[in-house]
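Open the model in your viewer and keep the sequence panel beside it. This tour tells you what to select next and what is there.

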Amino acid sequence: MNLAVVGHVEWVEFARVDHVPVAGEIVHALETWEEPAGGGAVAAVQLANLNGSVRLFTSLGDDELGRRAREELESRGVTVHASAAAEPQRRAFTYVDAYGERTITVLGRKLVPSGTDGALPWEELADCDGVFFVSGDLAALRAARRSGVLVASARELATLRSAGEQIDVIVGSGEDSDERFEPGELEPPPRHVVTTSGSLGGWVRPGGPYRAVPPPGPVQDAYGCGDCFAAGVAYALAEGGTMEDAVALGARCGAAVLTGRGAYEGQLAAGASSLFDHIS
(Lines give C-alpha, C1' and ligand atoms only; values in the text may rest on other atoms or scores of the structure.)
Protein backbone atom coordinates (compact mmCIF):
# COMPACT_ATOMS: atom_id res chain seq x y z
CA MET A 1 0.00 0.00 0.00
CA ASN A 2 0.93 3.67 -0.21
CA LEU A 3 1.30 4.83 3.40
CA ALA A 4 2.71 7.96 4.99
CA VAL A 5 3.38 9.60 8.33
CA VAL A 6 3.43 13.34 8.95
CA GLY A 7 5.32 14.13 12.12
CA HIS A 8 8.40 15.06 14.09
CA VAL A 9 11.71 13.33 14.81
CA GLU A 10 13.89 13.55 17.91
CA TRP A 11 17.40 12.25 18.46
CA VAL A 12 17.00 10.27 21.68
CA GLU A 13 19.65 9.22 24.18
CA PHE A 14 18.48 6.30 26.33
CA ALA A 15 19.78 5.23 29.74
CA ARG A 16 18.62 2.04 31.44
CA VAL A 17 18.58 2.53 35.21
CA ASP A 18 17.35 0.65 38.24
CA HIS A 19 15.06 3.58 39.03
CA VAL A 20 14.57 7.19 37.94
CA PRO A 21 16.49 9.47 40.32
CA VAL A 22 14.62 11.59 42.81
CA ALA A 23 15.66 15.18 43.51
CA GLY A 24 19.31 15.37 44.48
CA GLU A 25 20.04 11.67 43.82
CA ILE A 26 22.74 10.21 41.57
CA VAL A 27 22.02 6.97 39.71
CA HIS A 28 24.30 4.91 37.47
CA ALA A 29 23.20 3.80 34.02
CA LEU A 30 23.27 0.05 33.40
CA GLU A 31 23.47 0.62 29.63
CA THR A 32 23.09 3.50 27.19
CA TRP A 33 22.25 3.86 23.51
CA GLU A 34 20.93 6.47 21.09
CA GLU A 35 18.83 6.53 17.93
CA PRO A 36 16.39 8.73 15.99
CA ALA A 37 12.93 8.40 17.50
CA GLY A 38 10.00 10.66 18.43
CA GLY A 39 6.41 10.07 17.34
CA GLY A 40 6.87 10.53 13.60
CA ALA A 41 9.96 8.35 13.35
CA VAL A 42 8.61 5.51 15.52
CA ALA A 43 5.30 5.31 13.64
CA ALA A 44 7.04 5.48 10.27
CA VAL A 45 9.38 2.58 11.04
CA GLN A 46 6.48 0.51 12.41
CA LEU A 47 4.55 1.05 9.17
CA ALA A 48 7.64 0.23 7.12
CA ASN A 49 7.96 -3.04 9.06
CA LEU A 50 4.33 -3.92 8.36
CA ASN A 51 4.13 -2.66 4.79
CA GLY A 52 7.67 -2.83 3.42
CA SER A 53 7.80 0.93 2.78
CA VAL A 54 6.45 4.23 4.06
CA ARG A 55 6.96 7.96 3.46
CA LEU A 56 7.77 10.31 6.33
CA PHE A 57 7.07 14.03 5.98
CA THR A 58 9.08 15.83 8.65
CA SER A 59 11.60 18.54 9.47
CA LEU A 60 15.19 17.82 10.47
CA GLY A 61 17.89 19.99 12.00
CA ASP A 62 20.78 21.28 9.90
CA ASP A 63 23.43 19.56 12.01
CA GLU A 64 25.13 16.18 12.24
CA LEU A 65 22.30 14.64 14.30
CA GLY A 66 19.77 15.71 11.66
CA ARG A 67 21.87 14.02 8.97
CA ARG A 68 22.30 10.88 11.07
CA ALA A 69 18.56 10.75 11.75
CA ARG A 70 17.79 10.77 8.02
CA GLU A 71 20.38 8.08 7.26
CA GLU A 72 19.24 5.74 10.02
CA LEU A 73 15.54 6.09 9.20
CA GLU A 74 16.19 5.45 5.52
CA SER A 75 18.17 2.33 6.47
CA ARG A 76 14.97 1.08 8.16
CA GLY A 77 12.84 1.36 5.02
CA VAL A 78 11.54 4.90 5.45
CA THR A 79 11.53 7.36 2.54
CA VAL A 80 12.28 10.66 4.27
CA HIS A 81 10.84 13.91 2.90
CA ALA A 82 12.31 16.53 5.23
CA SER A 83 12.54 20.28 5.23
CA ALA A 84 15.80 21.63 6.64
CA ALA A 85 15.30 23.62 9.83
CA ALA A 86 17.87 26.35 10.37
CA GLU A 87 18.60 25.07 13.87
CA PRO A 88 19.99 21.98 15.61
CA GLN A 89 18.10 18.70 15.62
CA ARG A 90 15.67 18.37 18.53
CA ARG A 91 16.92 15.90 21.12
CA ALA A 92 15.50 13.99 24.07
CA PHE A 93 16.82 12.06 27.04
CA THR A 94 14.95 8.96 28.18
CA TYR A 95 15.31 6.92 31.36
CA VAL A 96 14.13 3.29 31.17
CA ASP A 97 13.67 1.80 34.64
CA ALA A 98 13.74 -1.78 35.91
CA TYR A 99 10.04 -2.22 35.04
CA GLY A 100 10.50 -0.97 31.47
CA GLU A 101 8.74 2.35 32.09
CA ARG A 102 10.17 5.30 30.18
CA THR A 103 10.58 8.86 31.48
CA ILE A 104 11.37 11.48 28.83
CA THR A 105 12.98 14.94 28.92
CA VAL A 106 12.75 16.82 25.61
CA LEU A 107 15.50 19.27 24.61
CA GLY A 108 14.66 21.94 22.06
CA ARG A 109 11.71 23.06 19.96
CA LYS A 110 9.58 20.48 18.18
CA LEU A 111 10.50 20.58 14.48
CA VAL A 112 7.30 19.98 12.52
CA PRO A 113 6.76 19.91 8.75
CA SER A 114 4.85 22.69 7.03
CA GLY A 115 2.40 21.99 4.24
CA THR A 116 3.42 25.31 2.68
CA ASP A 117 6.96 24.03 2.06
CA GLY A 118 7.01 23.57 -1.71
CA ALA A 119 10.21 21.54 -1.50
CA LEU A 120 8.25 18.60 -0.09
CA PRO A 121 6.00 16.46 -2.37
CA TRP A 122 2.77 17.03 -0.44
CA GLU A 123 0.74 16.11 -3.51
CA GLU A 124 1.81 12.47 -2.99
CA LEU A 125 -0.43 12.22 0.08
CA ALA A 126 -3.51 12.33 -2.16
CA ASP A 127 -2.42 8.94 -3.55
CA CYS A 128 -1.92 7.36 -0.13
CA ASP A 129 -4.21 4.64 1.19
CA GLY A 130 -3.58 5.88 4.71
CA VAL A 131 -1.75 8.62 6.63
CA PHE A 132 -0.97 8.92 10.33
CA PHE A 133 -0.76 12.59 11.34
CA VAL A 134 1.49 12.93 14.38
CA SER A 135 2.38 16.63 14.15
CA GLY A 136 2.53 19.45 11.61
CA ASP A 137 0.86 22.71 10.71
CA LEU A 138 -2.62 23.31 9.29
CA ALA A 139 -1.50 23.01 5.68
CA ALA A 140 0.23 19.70 6.44
CA LEU A 141 -2.94 18.34 8.06
CA ARG A 142 -5.06 19.40 5.11
CA ALA A 143 -2.65 17.70 2.72
CA ALA A 144 -2.87 14.54 4.83
CA ARG A 145 -6.68 14.67 4.69
CA ARG A 146 -6.54 14.03 0.93
CA SER A 147 -5.52 10.43 1.68
CA GLY A 148 -7.95 7.54 1.83
CA VAL A 149 -7.74 7.13 5.62
CA LEU A 150 -6.53 9.75 8.11
CA VAL A 151 -5.57 8.74 11.65
CA ALA A 152 -4.40 11.54 13.96
CA SER A 153 -2.79 11.86 17.37
CA ALA A 154 -4.92 13.42 20.10
CA ARG A 155 -1.81 15.29 21.22
CA GLU A 156 -2.35 17.72 18.31
CA LEU A 157 -5.89 18.76 19.26
CA ALA A 158 -5.18 22.48 18.78
CA THR A 159 -4.20 21.91 15.15
CA LEU A 160 -7.10 19.51 14.54
CA ARG A 161 -9.52 22.02 16.03
CA SER A 162 -8.26 24.89 13.86
CA ALA A 163 -8.26 22.84 10.66
CA GLY A 164 -11.93 21.78 10.81
CA GLU A 165 -11.19 18.64 8.77
CA GLN A 166 -12.95 15.28 9.04
CA ILE A 167 -10.66 12.90 10.93
CA ASP A 168 -11.34 9.19 10.55
CA VAL A 169 -9.75 8.14 13.86
CA ILE A 170 -8.20 10.06 16.74
CA VAL A 171 -5.90 8.01 18.98
CA GLY A 172 -4.85 9.15 22.44
CA SER A 173 -3.77 7.85 25.82
CA GLY A 174 -6.28 7.95 28.63
CA GLU A 175 -3.33 8.11 31.04
CA ASP A 176 -1.88 11.31 29.49
CA SER A 177 -3.76 14.55 30.21
CA ASP A 178 -2.38 16.08 27.00
CA GLU A 179 -4.05 13.37 24.90
CA ARG A 180 -7.53 13.21 26.41
CA PHE A 181 -10.32 13.95 23.97
CA GLU A 182 -13.87 14.77 24.97
CA PRO A 183 -16.98 14.69 22.73
CA GLY A 184 -17.74 18.06 21.21
CA GLU A 185 -14.13 19.23 21.05
CA LEU A 186 -13.93 18.97 17.25
CA GLU A 187 -16.24 20.01 14.44
CA PRO A 188 -16.88 17.95 12.43
CA PRO A 189 -16.56 15.19 15.04
CA PRO A 190 -14.11 12.37 14.26
CA ARG A 191 -15.64 9.16 12.99
CA HIS A 192 -13.97 7.19 15.79
CA VAL A 193 -12.01 7.96 18.95
CA VAL A 194 -9.64 5.36 20.42
CA THR A 195 -8.48 5.84 24.01
CA THR A 196 -5.67 3.57 25.18
CA SER A 197 -5.06 2.46 28.76
CA GLY A 198 -1.92 0.33 28.72
CA SER A 199 -2.30 -3.24 29.97
CA LEU A 200 -6.02 -2.62 30.59
CA GLY A 201 -6.71 -2.28 26.86
CA GLY A 202 -8.83 0.71 25.93
CA TRP A 203 -12.06 2.02 24.50
CA VAL A 204 -13.40 2.81 21.03
CA ARG A 205 -16.15 5.41 20.57
CA PRO A 206 -18.48 4.42 19.01
CA GLY A 207 -17.89 0.78 19.74
CA GLY A 208 -16.82 -0.28 23.19
CA PRO A 209 -13.88 -1.70 25.13
CA TYR A 210 -11.06 -3.73 23.63
CA ARG A 211 -8.53 -5.94 25.36
CA ALA A 212 -4.79 -5.51 25.50
CA VAL A 213 -2.49 -8.21 24.11
CA PRO A 214 0.04 -9.86 26.45
CA PRO A 215 3.61 -9.01 25.38
CA PRO A 216 5.18 -11.89 23.42
CA GLY A 217 8.21 -11.85 25.71
CA PRO A 218 9.70 -10.15 28.78
CA VAL A 219 9.00 -6.42 29.01
CA GLN A 220 12.11 -4.36 28.32
CA ASP A 221 11.10 -0.86 27.29
CA ALA A 222 7.76 1.00 26.98
CA TYR A 223 9.15 3.67 24.66
CA GLY A 224 7.07 3.98 21.48
CA CYS A 225 4.12 1.79 22.52
CA GLY A 226 1.48 4.41 21.75
CA ASP A 227 2.97 5.38 18.41
CA CYS A 228 3.24 1.74 17.33
CA PHE A 229 -0.36 1.16 18.42
CA ALA A 230 -1.57 4.09 16.30
CA ALA A 231 0.52 2.95 13.33
CA GLY A 232 -1.12 -0.48 13.53
CA VAL A 233 -4.56 1.13 13.57
CA ALA A 234 -3.70 3.19 10.48
CA TYR A 235 -2.31 0.16 8.65
CA ALA A 236 -5.36 -2.02 9.30
CA LEU A 237 -7.84 0.66 8.21
CA ALA A 238 -5.86 1.47 5.07
CA GLU A 239 -5.91 -2.26 4.27
CA GLY A 240 -9.71 -2.19 4.47
CA GLY A 241 -10.12 -3.68 7.94
CA THR A 242 -12.79 -2.83 10.49
CA MET A 243 -12.22 -0.87 13.68
CA GLU A 244 -12.14 -4.23 15.48
CA ASP A 245 -9.33 -5.32 13.16
CA ALA A 246 -7.58 -1.99 13.67
CA VAL A 247 -7.44 -2.02 17.47
CA ALA A 248 -6.51 -5.72 17.46
CA LEU A 249 -3.51 -5.02 15.22
CA GLY A 250 -2.67 -1.84 17.13
CA ALA A 251 -2.65 -3.79 20.39
CA ARG A 252 -0.31 -6.38 18.89
CA CYS A 253 2.06 -3.64 17.71
CA GLY A 254 2.04 -1.95 21.11
CA ALA A 255 2.68 -5.22 22.93
CA ALA A 256 5.48 -6.31 20.60
CA VAL A 257 7.56 -3.14 20.95
CA LEU A 258 7.53 -3.58 24.74
CA THR A 259 9.82 -6.60 24.36
CA GLY A 260 12.72 -4.83 22.63
CA ARG A 261 15.28 -2.24 23.57
CA GLY A 262 14.46 1.27 22.39
CA ALA A 263 12.00 2.30 19.71
CA TYR A 264 12.54 -0.40 17.09
CA GLU A 265 14.07 -3.67 18.29
CA GLY A 266 10.76 -5.27 19.28
CA GLN A 267 8.49 -3.81 16.59
CA LEU A 268 5.99 -6.15 14.95
CA ALA A 269 6.74 -7.10 11.36
CA ALA A 270 4.51 -8.67 8.72
CA GLY A 271 4.62 -12.45 9.04
CA ALA A 272 3.05 -15.57 7.62
CA SER A 273 -0.10 -15.38 9.78
CA SER A 274 -2.78 -12.76 9.26
CA LEU A 275 -2.07 -9.42 10.87
CA PHE A 276 -5.79 -9.20 11.57
CA ASP A 277 -5.95 -12.27 13.82
CA HIS A 278 -8.11 -11.34 16.81
CA ILE A 279 -7.08 -11.79 20.40
CA SER A 280 -7.93 -15.30 21.58
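Select H1 first. 13 of its 14 residues are buried, so H1 is largely enclosed by the rest of the structure. Buried means under 20% relative accessible area, exposed over 50%, and partly exposed in between, with a 1.4 Å probe and protein chains only. Helices (H or I, at least four residues) and strands (E, at least two) are DSSP runs, numbered from the N terminus.

Before moving on, note that this is a predicted model: local features need pLDDT of at least 70, side-chain atom pairs count only at pLDDT 80 or more, and totals for chains, interfaces and linings use all residues. Residues are numbered from 1 along each chain as its sequence is written, and side-chain values use heavy atoms, leaving out hydrogens and water.

Stay on H1. Its end C-alpha atoms are 20 Å apart, which agrees with the 20 Å that 14 residues should span at 1.5 Å a residue. The expected span is 1.5 Å times one less than the number of residues. Gly52 follows H1 and has a positive phi, near 95 degrees.

Now pick Gln46, in H1. Gln46 is buried, with a relative accessible area of 0%. Leaving aside neighbours within four places in sequence, Gln46 is in contact (heavy atoms within 4.5 Å) with Cys228, Ala231, Cys253, Gln267 and Leu268.

Select H6 next. H6 has 15 residues and reaches 21 Å from first C-alpha to last, close to the 21 Å expected. 13 of those 15 residues are buried, so H6 too is largely enclosed by the rest of the structure.

Next stop: the nonpolar core. Such a core is a set of buried Ala, Val, Leu, Ile, Met, Phe, Trp, Tyr and Cys residues joined through side-chain atoms within 4.5 Å. The largest has 60 residues; Val5, Leu73, Val78, Val151 and Val194 touch the most other members. H5 gives the most to this core, with 11 residues. Apart from it lies another core of 24 residues, including Phe133 and Ile167.

Finish at the largest pocket. A pocket is an open set of points on a 1 Å grid over the protein atoms alone, where a 1.4 Å probe fits, with protein on both sides within 12 Å along at least five of seven lines; lining residues have an atom within 4 Å of a point. Here 44 residues form the lining, and Arg102, Ala222, Cys225, Gly226 and Asp227 lie nearest the centre. H5 gives the most to this lining, with 5 residues.
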